[in-house]
Amino acid sequence: MSITYLEAIREAQAKALADDPRVFIYGQDVGAFGGAFKATKNLAKEFPGRVLDAPISEDAIVGAAIGAAINGMRPIIEMQFADFSTPGFNQIVNQAATLYWRTQVPCPITIRLPSGGTSGAGPFHSQSMESLYAHYPGLIVMTPATVEDAYSMLLEAVAIDDPVIFCEHKRLYYHLKAPALPTEAMPVGKARIHRPGRDLTIVAYSAMLHDALAAAEELAGEGAEIEVVDLRTIKPMDTDTIMASVARTGRLLCVGESFPWGGVTAEVVARVATEGFALLDAPPQRLNAKDTPIPYHPKLWLGHRPTAESVCAAARHLLQM
Amino acid sequence: MVLSRVLDDKMAGLYRAGKIHGGVFLGRGQEALSVSVGLALREGDVFAPLIRDGAGRLAFGEPVLDAVRTFLGSALGPMRGRDGNVHRGRPGEGLLAMISHLGAMISVVNGALLAHRFQNLKGLVGAACIGDGGTSTGAFHEGLNQAAVERLPLVLVVANNQYAYSTPTRRQFACDDLADKAAGYGLSARRADGTDLEDCLRVIAAAVADARAGGGPQMVVARLLRLCGHGEHDDAHYIDPQLKQSPLGRDCLAVAEERLLREGWADAEAIRALRQKAAREVDKAVATVQREPAPDPYKENWCALASRHLSEMFENPALSTHS
């Protein structure tokens, strides 16, 4: 018996619907069809009237979620792909994110973003939007990298009184498995030291955690002990755990799948450089995708995003500095 | 209508005297339409006013103090200095606080109406106001289509006041009449003369009644002329003088007063007394608010999250003397 990352997301939504009558799901093809990735499979049947197909209107989908939340509901929005959240961007960053600060009325909505690259998906079905949303005050941004976190963090997202951008990685949907759903969870906003080490810290999140872990395994064969930190949520960011790890290793490499200008990796490096400069034995490094749109062809795509190989190369370089 | 006009005039005066930070946006010429919306709504309904809906807000129950406090930036107002002028609201009480992006409030009203459906609350409606310019946005289309697909009790009130800031309607849309757009969403639209209070009251009340009775979304398009600039910073020199002289350029307040006098429903003295009462109420509110504290940046919690424990603090440790 095992459960995939995608099944965990489906199960979390089923539990949220079962436990809380305020929860409903709204998005394109989420009803009888069960969603483009089947993350809402059978939910419309199990919870009649509470899983609603939406027109192709991302702005209005998010707007309606906000209006429902103001009036006591806890909507879960599925964007068919993270990339398609841009037509809803205005409602997310200007309406949902500002509502509580402006009016003291909370906006408990969860927006699921099927994120990140998969082979052959191309420029408009591959994007990682977490850095954009994290930039705006008033939003929580989650980037689960494990089956257990996908489940427990989605339940937390629904329970939180603020808008949560839930970045679930499509590359993890089917192949990432766990023996069972978790019964307990780490608090939201805490990073996890996924693999301990003393020579170098790799900070990663979402699917890049697995490339970082593969790189750490490879480098172990070369005698290097790599510590791998999974951020879990990128906003709030657990600076303390990052800093404690860098204090142990003296070296930082931060890896992210999104574009290189600014973003999560730049934020991590900036925090370590400003608050932990004396802890560093070498300049902090970051590794991101290339500064082009995301290519379609698998060979180009593998050259565009960080991989276990490029993480290894960056880590080797940093270990020699 | 009178209270709204008096309040608007007062805010315009305070703006010119440099007493108001940020913009002042008036509803001059639009009061008949706006007040009709506010009067047709009841407790439990949802209202998303736009920038020229001071009259509708008052009729819906917004206190004069909320308006004055928000224009003057009082810490005691509903927005506490965090947002200003026409962006005020009390969303928990059905009065939504508009963002600046036009069309964006329509789907928020839809969401409130969806919530009512989930909660089995019947007989409630939601009204959203928009102008001729706002009908060109994608959000307008998405919101109206969404309401139609879900058959929500939305009343969408379009004030075609002939200009979006400085842009005349011929550069805004190419159909003959904005009401023609309704058919594309499977709806019918009502037309109203925005300069005529009686017509506005009748048309809006009918639209609200149909929505309340389960007839699905309703659209009302009213024609009128904006009798002020976009904001008080704008002298509106671009408005066609011929429009001002046309029936469209009538002041709805003057038209309503003439009607009252003509029908003998009120005499000049009663109307003067109404104005004086409104002026006293507004003056009292302004005097109260001018003695109220401004927001204090040192007492502001600078936290955008309801879940305070999840907020991050971005303070430069080098500048922090107490740590």
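The questions and answers below concern a predicted model.

Visitor: How many helices and strands are there in chain B?

Guide: Chain B has 323 residues, and 49% of them count as buried. Its C-alpha trace spans about 70 × 50 × 40 Å along the principal axes. The secondary structure of chain B consists of 10 helices and seven strands.

Visitor: What radius of gyration does chain B have, and what would a compact globule have?

Guide: Among contacts in chain B with a separation of 6 or more, 71% join residues 24 or more positions apart. For 323 residues, a compact globule would have a radius of gyration near 20 Å, and the value for chain B agrees with this, at 21 Å.

Visitor: How many residues of helix 4 of chain B are buried?

Guide: A residue counts as buried if 20 or more other C-beta atoms lie within 10 Å of its own. In helix 4 of chain B, Val64(B), Asp66(B), Ala67(B), Val68(B), Arg69(B), Thr70(B), Phe71(B) and Leu72(B) are buried. Helix 4 (residues 64–72) of chain B is therefore largely enclosed by the rest of the structure, the buried count being eight of the nine residues.

Visitor: Which helices do the buried residues of helix 4 of chain B pack against?

Guide: Helix 4 of chain B is followed by Gly73(B), which has a positive phi near 75 degrees. The packing partners of the buried residues in helix 4 are, in chain B, helix 1 (2–16), helix 3 (54–60) and helix 10 (268–290).

Visitor: What classes of residue make up the contact of helix 1 of chain B with helix 10 of chain B?

Guide: Helix 1 of chain B contributes Val2(B), Leu3(B), Val6(B), Leu7(B) and Lys10(B). These meet residues of helix 10 of chain B including Leu274(B), Arg275(B), Glu281(B) and Val286(B). By class, the residues of this contact are nine nonpolar, no polar and three charged.

Visitor: Are helix 5 of chain B and helix 6 of chain B roughly parallel or roughly antiparallel to each other?

Guide: The axes of helix 5 (residues 104–118) and helix 6 (residues 138–150) of chain B come within 7 Å and cross at roughly 20 degrees. The crossing of these two helices of chain B is left-handed. Angles under 35 degrees count as roughly parallel. Helix 5 and helix 6 of chain B are therefore roughly parallel.

Visitor: Which element of chain A gives the largest share of the side that touches chain B?

Guide: The contact takes 36 residues from chain A and 36 residues from chain B. On the side of chain A, the elements that give two or more residues are helix 3 (58–70) and helix 4 (89–103). The largest share, nine residues, comes from helix 3 of chain A.

Visitor: What is the handedness of the crossing of helix 3 of chain A and helix 5 of chain B?

Guide: These two helices pack with their axes 6 Å apart, at an angle of about 50 degrees. That makes helix 3 of chain A oblique to helix 5 of chain B. Residues that meet there include Ala60(A), Gly63(A) and Gly67(A) in helix 3 of chain A, and Ser107(B), Gly111(B) and Leu114(B) in helix 5 of chain B. The crossing of helix 3 of chain A and helix 5 of chain B is right-handed.

Visitor: Is Pro153(B) buried or exposed?

Guide: Pro153(B) is found in the loop between helix 6 and strand 3 (154–160) of chain B. Among the residues that Pro153(B) touches are Leu113(B), Leu124(B) and Ala211(B). With 29 other C-beta atoms within 10 Å, Pro153(B) is buried.

Definitions and conventions. Residues are numbered from 1 along each chain as its sequence is written. Chains are lettered from A and ligands numbered from 1 in the order in which they are written. This is a predicted model: local features need pLDDT of at least 70, side-chain atom pairs count only at pLDDT 80 or more; totals for chains, interfaces and linings use all residues. Axes are lines fitted to C-alpha atoms, for helices over the stretch in contact, and angles run from 0 to 180 degrees between N-to-C directions. Helices (H or I, at least four residues) and strands (E, at least two) are DSSP runs, numbered from the N terminus. Angles under 35 degrees count as roughly parallel, over 145 as roughly antiparallel, 65 to 115 as roughly perpendicular and the rest as oblique. A crossing is left-handed if the near helix is turned anticlockwise from the far one by less than a right angle, and right-handed if clockwise. A residue is buried if 20 or more other C-beta atoms lie within 10 Å of its own, exposed if 12 or fewer, and partly exposed in between; C-beta atoms are placed from the backbone. Two residues are in contact if their C-beta atoms, placed from the backbone, lie within 7 Å. The radius of gyration is taken over C-alpha atoms; the globule rule is 2.2 Å times the number of residues to the power 0.38. Ala, Val, Leu, Ile, Met, Phe, Trp, Tyr, Cys and Pro count as nonpolar, Asp, Glu, Lys and Arg as charged, and the others, Gly among them, as polar. Lists of a residue's contacts leave out its neighbours within four places in sequence.
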